[in-house]
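The following exercises are to be worked through with the sequence and the structure at hand. Each task is followed by a solution in steps.

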Amino acid sequence: MDSDLFSRRRTERFAQLLDEANGGRRHHVRSRADDELAALVAVSRRLTADRPDVEVDTEFRTGLRAMLVATAEREGVTAPAKTGVRASLLPAMTGRRARARGAILVGVAAGAIALSGISAASENAVPGDALYGMKRSTERAQLALASSDISRGQLFLDFARTRLDEAATVRDDRLGFSAVLDDMDADTRQGVRLLTTVAAQRSDPAALDSVDTFLGGQRRAVSGLLDRADHADRDRTRRSLALLDAAGRRADALREAIACGLPAPAASDALGPAPTTCPGDR
């Protein structure tokens with residue numbers, strides 16, 4: 001879990017977003033973390049509104065409670081009572097600060113729930129199902145809780161695999177099929193871009209291994225959709241295959257650039273850094 005997620009500024013902003021989502025006054029500020037935190041707020045609201053009928057494992061309940069208590073103690077949400085002169089010197093905790101510290105616990109709980117048995121209720125949901133929105137909100141929460149760009153990149157590629165599975169279930173719905181492939185391609189671009197950027201910045205091709213593994217299985221699975229009788233659907237599927245081919249070429253080019261010692265590329269596009277050709281290959 002990203003420790004920066006619970007820095008003071010982020011938790012205070014999270015508290016504000018929770019207030020606004022629950023009908024509180026609107027705060028006329030904007031934070032760079034809003035998009036990530038909004039995903040956690042959305043999960044919290046969906047869990048409250050939908051209340052999926054899922055049994056939560058006793059061991060999970062115990063673990064979550066212990067984690068919340070430990071976080072509360074570490075962050076001073078439940079500090080022991082103090083008396084005497086020392087207590088009189090301590091500044092009173094403002095309502096905003098109390099809500100911010102409370103938001104730490106909400107963030108931990110929302111993240112834990114999103115990644116626990118609760119999300120299992122929506123795990124197999126497909127477009128059109130009542131719980132599909134919760135499934136996508138859970139994915140956004142996972143991204144918000146990811147600890148690094150590598151983790152986020154791998155998650156995006158996992159989501160692209162999930163979109164492919166969903167596409168197979170909506171094959172009789174042309175608009176639905178195309179929309180799912182659009183989402184799949186968007187996840188593919190995001191994942192590849194994050195991982196190629198890390199590889200270029202570190203001059204280390206290790207992050208590209210996840211891209212290569214993803215492309216191998218994804219190409220085979222997407223090719224399996226070409227047996228659709230509809231010409232428009234086949235054309236749409238070929239566009240997804242073309243994206244995978246482009247991603248493979250980009251990963252190969254970056255490996256070569258790193259191997260021959262080229263600096264991190266200055267140019268980039270939807271797939272990340274665009275390296276120049278090694279001197280010997282010109």
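This is a predicted model: local features need pLDDT of at least 70, side-chain atom pairs count only at pLDDT 80 or more; totals for chains, interfaces and linings use all residues.

**Exercise 1.** Describe how helix 6 and helix 7 pack, and state which residues make the contact.

*Solution.* 
Step 1. Two packed helices are described by the angle between their axes and by the distance between those axes.
Step 2. For helix 6 (residues 132-145) and helix 7 (residues 149-169), the angle is about 160° and the axes are 10 Å apart.
Step 3. Angles over 145 degrees count as roughly antiparallel, so helix 6 is roughly antiparallel to helix 7.
Step 4. The crossing of helix 6 and helix 7 is right-handed.
Step 5. Helix 6 contributes Tyr132, Lys135, Arg136, Glu139, Gln142 and Leu143 to the contact, while helix 7 contributes Arg152, Leu155, Phe156, Phe159, Thr162, Arg163 and Glu166.
Step 6. Sorted by class, the contact of helix 6 with helix 7 holds 5 nonpolar, 2 polar and 6 charged residues.

**Exercise 2.** State how many salt bridges a search of the whole structure finds, then examine those of Glu139 with Arg163 and of Arg152 with Asp149.

*Solution.* 
Step 1. In one of them, the side chains of Glu139 and Arg163 meet at 2.9 Å, N to O. This pair links distant parts of the chain, with Glu139 in helix 6 and Arg163 in helix 7, 24 residues apart. Both Glu139 and Arg163 are buried.
Step 2. In the salt bridge of Arg152 with Asp149, the closest N and O atoms are 3.0 Å apart. Because Arg152 and Asp149 are 3 residues apart in helix 7, about one helical turn separates them.
Step 3. Arg152 has a relative accessible area of 18% and is buried, whereas Asp149, at 33%, is partly exposed.

**Exercise 3.** Explain which parts of the chain are tied together by the salt bridge of Asp212 and Arg255.

*Solution.* 
Step 1. The side chains of Asp212 and Arg255 meet at 2.8 Å, N to O.
Step 2. Asp212 lies in helix 9 (residues 208-223) and Arg255 in helix 10 (residues 231-259), so the pair ties together parts that are 43 residues apart in sequence.
Step 3. Asp212 is partly exposed, with a relative accessible area of 30%; Arg255 is partly exposed as well, at 24%.
Step 4. Elsewhere, salt bridges that share partners join Lys135, Arg136, Glu139, Arg163, Glu166, Asp183 and Asp187 into one network.

**Exercise 4.** Describe the packing of helix 7 and helix 9.

*Solution.* 
Step 1. Helix 7 and helix 9 pack at an angle of about 5°, and their axes are 11 Å apart.
Step 2. Angles under 35 degrees count as roughly parallel, so helix 7 is roughly parallel to helix 9.
Step 3. The contact is made by Gln154, Leu157, Ala160, Arg161 and Leu164 of helix 7 together with Ser210, Val211, Thr213, Phe214, Gln218, Ala221 and Val222 of helix 9.
Step 4. By class, the residues of this contact divide into 7 nonpolar, 4 polar and 1 charged.

Conventions
Residues are numbered from 1 along each chain as its sequence is written. Side-chain values use heavy atoms; hydrogens and water are left out. Axes are lines fitted to C-alpha atoms, for helices over the stretch in contact, and angles run from 0 to 180 degrees between N-to-C directions. Helices (H or I, at least four residues) and strands (E, at least two) are DSSP runs, numbered from the N terminus. Angles under 35 degrees count as roughly parallel, over 145 as roughly antiparallel, 65 to 115 as roughly perpendicular and the rest as oblique. A crossing is left-handed if the near helix is turned anticlockwise from the far one by less than a right angle, and right-handed if clockwise. Contact means heavy atoms within 4.5 Å. Ala, Val, Leu, Ile, Met, Phe, Trp, Tyr, Cys and Pro count as nonpolar, Asp, Glu, Lys and Arg as charged, and the others, Gly among them, as polar. A salt bridge is a side-chain nitrogen of Lys or Arg within 4 Å of a carboxyl oxygen of Asp or Glu. Buried means under 20% relative accessible area, exposed over 50%, partly exposed in between (1.4 Å probe, protein chains only).
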